[in-house]
There are 4 protein chains.
Amino acid sequence: MPGVSGAASASAPASGSAGSASSAAGRRGRPRSEVVERAIVEAVVRLLEDGVPFSELSIERIARTAGVGKATIYRRWDGKEALFVDVVRSMEPVAPPLPGTSVRDDLVAIIEMLRQRGLAKRSSALLHNVFAQMQSYPQLWDMYHRTSIAPRRERMDEVLRRGIANGEIRADIDFGLLGDLFVGPMLVRTVLRPGDTPEQGSAERIVDAVLEGVRPAEGPSR
Amino acid sequence: MPGVSGAASASAPASGSAGSASSAAGRRGRPRSEVVERAIVEAVVRLLEDGVPFSELSIERIARTAGVGKATIYRRWDGKEALFVDVVRSMEPVAPPLPGTSVRDDLVAIIEMLRQRGLAKRSSALLHNVFAQMQSYPQLWDMYHRTSIAPRRERMDEVLRRGIANGEIRADIDFGLLGDLFVGPMLVRTVLRPGDTPEQGSAERIVDAVLEGVRPAEGPSR
Amino acid sequence: MPGVSGAASASAPASGSAGSASSAAGRRGRPRSEVVERAIVEAVVRLLEDGVPFSELSIERIARTAGVGKATIYRRWDGKEALFVDVVRSMEPVAPPLPGTSVRDDLVAIIEMLRQRGLAKRSSALLHNVFAQMQSYPQLWDMYHRTSIAPRRERMDEVLRRGIANGEIRADIDFGLLGDLFVGPMLVRTVLRPGDTPEQGSAERIVDAVLEGVRPAEGPSR
Amino acid sequence: MPGVSGAASASAPASGSAGSASSAAGRRGRPRSEVVERAIVEAVVRLLEDGVPFSELSIERIARTAGVGKATIYRRWDGKEALFVDVVRSMEPVAPPLPGTSVRDDLVAIIEMLRQRGLAKRSSALLHNVFAQMQSYPQLWDMYHRTSIAPRRERMDEVLRRGIANGEIRADIDFGLLGDLFVGPMLVRTVLRPGDTPEQGSAERIVDAVLEGVRPAEGPSR
DNA sequence: AGTTAATCGAGACGGTACGTCTGGTCTTTAA
DNA sequence: TTAAAGACCAGACGTACCGTCTCGATTAACT
């Protein structure tokens, strides 16, 4: 599962996917223990849940908590930050299926999921921190972006494309901006202003406001 | 100017602005040197501009660069992070005046300013980091929020209220959400996805999209 | 009283004792306060008596305890060690008069005084430390030697000379060694092995043993 | 070799000499390097020999000189002073064998050794300082006393007992004082008044003077 | 069954930075 | 001018981590 370190990421699944391959290279010696792997990630999660301030997490302490040698961590990850990427991944909720009834409902579901994530006790303070830290390491952020954000974004883009196709959404809007119009208002609250996550029903209100526009309807008022 | 440490923040400007006041208390001992203060903040800025990776900034190094004792820094700020708040403040651009021609134009100006800040070489990578770090220190973030973000937000809220009053903006939208509808899409890009700052003209496009709505105008009206 | 710094040593008592004199030279500005001087020395003594480990004495702390500015101390003494010389001097007991009945009795009185000093609570642990420290500063040790040890030594040498003159002491012994023969055994105990100070009567036993010799009297004489 | 910290002192040589024993305990983790150990002690010696004033020795500087991390020093010794005990020990000359011809000659050999130690360039100023410092740390002094002084003292006591047994020394003298009568005069010079170490032949003169007594022989003079 | 090689926990290693404390000096205001 | 106060630069204090490196002891896969 850990993969930021470098080739490991690619080769680990490779050895699994390459069919007969496992024997080919002939990895020798004792294989890495998955148990240990999980123990490490879980140690981080546990520490964070126990209220250990994020800044007090250290490889040294994580190793101690997990009952693991420091080298065992460095063997798998390049450093604290790389480890966090996997921790975050292990905590990200699985994207639930979209209702599919209408583009509007799908968008609401997506935005609502962001809200839920912001509310989750675990995620809230916790993810927020890891998040903030990760931003200072472009490489890691990129990689997180690639493996976690991008797929979700793609899922949303599909919904939007469907909306454009079936006339639920205007076709003359910069597509790159379109997604952010829906996602931005909620993200700004959950990520940038944690603790200020909007209440129930906000997802719908955001989606509707963006769809309908904020300017008074022209018809009657004229 | 440094103020996270205690009441200094509030009182420093006070003692400056309160006219004759300075003599009142009769502080004893050698007063703190403003020169030193500036030297410290500037040392941080210089280091960051010289490409020193953010994670390599340390009080020790900052002191060395500024030609200052470590204690002199700790005397003013509670730690690295508190110092950064002031650094960020010293670099934040002054909010330019709003055109005032229409609510729409004012909003564009505000959003455009966010874009500009994201573009500024200094701000970009640099501020982004300090920013990210600060998010892990709730106290600091609060305080930054209070002194930097809130005033700007208030400025925007006034514009929005004006818009509601003069009919440029619907009155039936959750006011708390309203601001984020405009600000969110741009912030998401500049803060959360630095390096992906939208191109020229995006501010207008965002404001217009949010105003008009993303749903196609009702059939006949087109 | 302080004198290591320079000529002050000689002039201090002068300015103090000379009554009307103070005007003579025409010193300008606020005169140095003797109160302050005593406060400093006493602060050191008090701290030591309060059981503050010697190594934790610092100019900073002494100044704080004495309610005095650091500069005020530096104005009088060259440093911690120079100050200690005066502290030690302020605590050294005055040499009592010698009985003068016989050279042997005078020597016993001198050695007994060394024993007493070693026993004195204040002196014991306390002086011992200052003592030990001073030894690492040749200059200070010299000066302590000159003002405190040498006079006492001279007093003893006179006794010894008297002894040689009146036949109580052999004339064929290296005079330089002679003093140490009496003084050494006791000093070794009180200075080098504090807490092992010999019991009552040791002074006499030492003096007599050195006088008579440790070898059994020649056969027949017994 | 370092032993103040704990049992290491006793057990380290044990594990080496005890043949098969090493397996017993089953030390875990990387073992401490003896090379490093020596490097540290030697760094101190070198610095002192290079004329670095004793007061300028700091763990920081010692570590730098030895090319060693500070923690590596603290891992072995409790502090500067504890380290010095081992430094002193590494510099103490090995006690040479006694001639054994007569008690008088053995005593001369012992006292002469003290003189030699006081003369040695290395020892002289150097040992004197460490010595002086150590006296301010009762624990350390005790321990130095136990491991270095006491054994030598015991050796001397044996000589004295032999002297009493074979009639070379009077039996009616307080045995506790006896040793100091010989040792005191020389120690006072080498330890308390470094730089004033007596010249060649003093050991004999001291021993003889103490043996014979300082009072003129009664026989002829009467 | 034996060999081989990478793994594991543990912890030493050279470093760097932490936040605190001292050492001396300098700069204020008050006396 | 001196005094108290306290800021100032410098740098040591002892601790905590960093990422690397031995250790002895497992632990599989390959002989």
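Residues are numbered from 1 along each chain as its sequence is written, and chains are lettered from A in the order in which they are written. In this predicted model, local features need pLDDT of at least 70, side-chain atom pairs count only at pLDDT 80 or more, and totals for chains, interfaces and linings use all residues, while side-chain values use heavy atoms, without hydrogens and water.

**Exercise 1. Describe the contact between chain C and chain D.**

Step 1: count residues. Chain C brings 43 residues and chain D brings 43 residues into contact (heavy atoms within 4.5 Å).

Step 2: take the area. About 4,000 Å² is buried between chain C and chain D, and carbon and sulfur atoms give 57% of it. Buried area is the accessible area (1.4 Å probe) that two parts lose on being put together, summed over both. On the chain C side, the most area is lost by C:L192, C:V214 and C:R215, together 18% of what that side buries.

Step 3: look for charge pairs. The rule finds 6 salt bridges across this interface of chain C and chain D. A salt bridge needs a side-chain nitrogen of Lys or Arg within 4 Å of a carboxyl oxygen of Asp or Glu. One of them joins the side chains of C:R189 and D:D180 at 2.7 Å, N to O.

Step 4: assign elements. Helices here are DSSP runs (H or I, at least four residues), numbered from the N terminus. Two or more residues each come from α7 (121–134), α8 (138–165), α9 (175–192) and α10 (202–212) of chain C. The largest share, 13 residues, belongs to α9(C).

Step 5: sort by class. The chain C side has 20 nonpolar, 12 polar and 11 charged residues. Ala, Val, Leu, Ile, Met, Phe, Trp, Tyr, Cys and Pro count as nonpolar, Asp, Glu, Lys and Arg as charged, and the others, Gly among them, as polar.

**Exercise 2. Which residues of chain B lose the most area to chain A?**

Step 1: Chain B and chain A bury about 4,000 Å² between them.

Step 2: name the residues. B:L192, B:V214 and B:R215 lose the most, together 18% of what the chain B side buries.

Step 3: B:R205 and A:D174 form a salt bridge with their side chains, 3.1 Å from N to O.

Step 4: find the main contributor. Helix α9(B) gives the largest share of the chain B side, 13 residues.

**Exercise 3. Is A:F84 buried or exposed, and what does A:F84 touch?**

Step 1: locate. A:F84 sits in helix α6 (residues 80–91) of chain A.

Step 2: classify. A:F84 has 3% relative accessibility, so this residue counts as buried. The cut-offs are under 20% relative accessible area for buried, over 50% for exposed and partly exposed in between (1.4 Å probe, protein chains only).

Step 3: list neighbours. Leaving out residues up to four places away in sequence, A:F84 touches A:V44, A:F54, A:L57 and A:V130.

**Exercise 4. What kind of aromatic pair do A:F54 and A:F84 form?**

Step 1: search. The whole structure holds 4 aromatic pairs over all chains. Rings of Phe, Tyr and Trp (its six-membered ring) pair if their centres lie within 6.5 Å; planes under 30 degrees apart are stacked, over 60 edge-to-face, the rest tilted.

Step 2: apply the rule. The ring centres of A:F54 and A:F84 are 5.2 Å apart and the planes lie at 50°, so the pair is tilted.
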